[in-house]
Amino acid sequence: VLTGGTMHSLERTFFTPTLLSHVNTKMDIFNQETFGPVAAVVSFEKEEDAIQLANNTSAGLASYFYSKDNSQCWRVSDKLQYGMVGVNEIALGSEVAPFGGIKSSGVGREGSKYGVDDYLNIKYSLFRI
C-alpha cells in the first residue's frame, strides 16, 4: 500500500483513495471488479503483456490507459476486452456515450441511442403474396 488503505473519517462506508503496488495475478484486487477509489499497479515488459494482463479477468466494464503514441492508443483500445475504454481520460460518462460492460460486467448499454435497444422488440416478417 503506497497510500490510503484505511476507512475515511466520514463514515464506515467511505474508503480513502488507495494506491497498491507490486500487484500480481494471484491477488483478489487483480481478479475482482473493484468499485472504489483503488488503483492497482501491475508491472509489464511489453505492450502485448499489458493487454493480456488487462484482458485476463472475468470483469469487463471499463479500462483506462495513457499513451502519447496515437497509433498505440488505437491499437491497444481495439484489443482491450471492455465495454468502455478511457484513453488519456477517466471521465467516460456522458449522455451520448453508451455506458455498459461485457463479460460478467453486464449486457446491454445505458444512455445514448443504444440504451433504448434493450426495451425494443425487433420483428422480422417475410411475405410472399
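Set aside the neighbours within four places in sequence, and Thr57 is in contact with Phe30, Asn31, Tyr82 and Lys103, where contact means heavy atoms within 4.5 Å. Bear in mind that this is a predicted model, in which local features need pLDDT of at least 70 and side-chain atom pairs count only at pLDDT 80 or more, while totals for chains, interfaces and linings use all residues. Residues are numbered from 1 along each chain as its sequence is written, and side-chain values use heavy atoms, with hydrogens and water left out.

Where does Thr57 sit? Its place is in the loop between helix 2 and strand 3; helices (H or I, at least four residues) and strands (E, at least two) are DSSP runs, numbered from the N terminus. Thr57 has a relative accessible area of 18%, so it is buried. The cut-offs here are under 20% relative accessible area for buried and over 50% for exposed, with partly exposed in between (1.4 Å probe, protein chains only).

Now look at Ser58, also in the loop between helix 2 and strand 3 (62-65). Buried or partly exposed? With a relative accessible area of 45%, Ser58 is partly exposed. Leaving out neighbours within four places in sequence, Ser58 is in contact with Lys103, Ser104 and Ser105. As for Val87, 29 residues along the chain from Ser58, the two C-alpha atoms are separated by 21 Å.

You'll find Ser105 in the segment after strand 4 (84-87), and because its relative accessibility is 16%, Ser105 counts as buried.

Helix 2 (residues 47-55) packs with helix 3 (residues 70-79) at an angle of about 30°, and their axes are 10 Å apart. Axes are lines fitted to C-alpha atoms, for helices over the stretch in contact, and angles run from 0 to 180 degrees between N-to-C directions. The two helices are therefore roughly parallel to each other, a label for angles under 35 degrees. On the helix 2 side the contact is made by Glu47, Ile51 and Asn55, and on the helix 3 side by Gln72, Arg75, Val76 and Lys79. Sorted by class, that makes 2 nonpolar, 2 polar and 3 charged residues; Ala, Val, Leu, Ile, Met, Phe, Trp, Tyr, Cys and Pro count as nonpolar, Asp, Glu, Lys and Arg as charged, and the others, Gly among them, as polar.

Two more stops. Ala40 is found in strand 2 (residues 38-40) and is partly exposed, at a relative accessible area of 37%. Beyond its neighbours within four places in sequence, Ala40 is in contact with Leu20, Val23 and Ile29. Tyr114, in the segment after strand 4, is partly exposed as well, with a relative accessible area of 41%. Not counting residues up to four places away in sequence, Tyr114 touches Pro98 and Arg109.

Note on methods. Parallel < 35°, antiparallel > 145°, perpendicular 65-115°, else oblique.
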